[in-house]
There are 2 protein chains.
Amino acid sequence: MRMAELARRSGLPVATIKFYLRVGLLPPGRPTSATRADYDDAHVRRLRLVRALTEVAGLPLEAVRAVLESVDDASLTWHAAVGSAHTRLSPTASPPTADARARVRALLSRQGWSRSADSPHADVLARALDALAGLEHPVGDDLLDVYAAAAASIAVHEVASVDTDDRVAATEQVVVGTLLLEPALLAMRRIAQENVSARTRG
Amino acid sequence: MRMAELARRSGLPVATIKFYLRVGLLPPGRPTSATRADYDDAHVRRLRLVRALTEVAGLPLEAVRAVLESVDDASLTWHAAVGSAHTRLSPTASPPTADARARVRALLSRQGWSRSADSPHADVLARALDALAGLEHPVGDDLLDVYAAAAASIAVHEVASVDTDDRVAATEQVVVGTLLLEPALLAMRRIAQENVSARTRG
């Protein structure tokens, strides 16, 4: 298909698509003349993915690039690719305190998740605990366990729903599900808060 | 206290604090001379809050400003203030399809959350459903219900832990808990995915 059709089917302006081509977020089409190229369904799909990652998941373009590289890296198993995409997305900031790290290690141990003791997500968690303690809103282990149980119930359903036959498709499915369902999960938590607080506090 | 002490206690560079004063994220201190001012514990606390919202919750400064305005607005009840801060934080994008809206309304009805049918969070959820369907990874109602049950179990514990005696303190507690625990919740979901997928898929 031509560029105009690609724009129509992806819902993105031609100028945006040309920008994505220039910065390498979209692979080039098959040239048909000096100034024209032919695009296929894989291009439509890639543009929809970029659009969802920026508009719905709210990722900056550098993070989108990291996700796409993981999806495209044929040397990774799907589990490793997801781990890699997750890792690249984790915010970098000052390291957590030893106390917060110890609390996270204890939480992981209680949940049977000790294999993630060195995961960057464990550091994200520890930094959140530090920030809340610094603001005099410390979070108790009981609330952490409630969060962990909620996360576990979600993860079991999510992992069970992945089809692993095609590695690239499966990786895209996991990455997309992980990133696009993050705003969905946060929106549901806020909806639940609105309803629970309205019911209990009027 | 002097500016140098404020920098030490907040963990922020003097230049950053001066920038926050200039843009109004930090209220001015009490002037003690033409070039000096005196700051108190409220300034330390506000700077820690700004730092946590930017470094841990990853909010841009405009969103931080919206959160602070809600915390400071004495005309709002704490529940309304949280609603207001949440609303301002929701990403703005193209409206969801009627199909996605209908699925979200049905979900809210199943969960007894119909009061949030017009909430901006319901639109966030509907946009995520649209994006996933557009990428050919539609999400089933069973998974949405798993997410909703997880969100409900979290919200019940969170709302029960709020102390409402002092409105500004309670609002800050809810806003901070909501925003700073978001990265914590997402980190736990990813840790849970790592562990569940490693266990079930090797």
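Guide: Before we start: a crossing is left-handed if the near helix is turned anticlockwise from the far one by less than a right angle, and right-handed if clockwise. This is a predicted model, where local features need pLDDT of at least 70, side-chain atom pairs count only at pLDDT 80 or more, and totals for chains, interfaces and linings use all residues. Residues are numbered from 1 along each chain as written, chains are lettered from A and ligands numbered from 1 in written order, and side-chain values use heavy atoms, without hydrogens and water.

Visitor: OK, what's the mean pLDDT of chain A?

Guide: It's 82, with 84% of the residues of chain A at 70 or more (pLDDT is the predictor's per-residue confidence, from 0 to 100).

Visitor: And where in chain A is confidence lowest?

Guide: In helix 5 of chain A (residues 78-89), with a mean of 58, while helix 6 (residues 98-111) of chain A is highest at 95. Helices here are DSSP runs of H or I, at least four residues, numbered from the N terminus.

Visitor: What ipTM does the complex get?

Guide: The predictor gives an ipTM of 0.74, and the pTM is 0.74 too.

Visitor: What rotation superposes chain A on chain B?

Guide: 180 degrees, with 0.0 Å of shift along the axis and an RMSD of 0.1 Å (least squares on C-alpha atoms of residues with pLDDT of at least 70 in both copies). That's the relation of a two-fold axis. Both copies use the same surface, as 100% of the contact residues of chain A recur in chain B (contact means heavy atoms within 4.5 Å).

Visitor: Which residue of chain A comes closest to the rotation axis?

Guide: A:A150, whose C-alpha is 2.3 Å from it.

Visitor: Switching to packing. How do helix 1 and helix 3 of chain A cross?

Guide: At roughly 45 degrees, with the axes of helix 1 (residues 3-10) and helix 3 (residues 41-55) of chain A coming within 9 Å. Axes are lines fitted to C-alpha atoms over the stretch in contact, and angles run from 0 to 180 degrees between N-to-C directions. So helix 1 and helix 3 of chain A are oblique to each other (under 35 degrees is roughly parallel, over 145 roughly antiparallel, 65 to 115 roughly perpendicular, the rest oblique). Helix 1 of chain A passes helix 3 of chain A in a right-handed crossing. Residues in that contact include A:L6 and A:R9 of helix 1 and A:V44 and A:L47 of helix 3 of chain A. By class, the contact of these two helices has three nonpolar, two polar and four charged residues. Ala, Val, Leu, Ile, Met, Phe, Trp, Tyr, Cys and Pro count as nonpolar, Asp, Glu, Lys and Arg as charged, and the others, Gly among them, as polar.

Visitor: What about helix 6 and helix 7 of chain A?

Guide: Helix 6 and helix 7 (residues 120-134) of chain A cross at roughly 125 degrees, their axes coming within 8 Å. That makes helix 6 oblique to helix 7 of chain A. This contact has eight nonpolar, no polar and four charged residues.

Technical notes: Helices (H or I, at least four residues) and strands (E, at least two) are DSSP runs, numbered from the N terminus.
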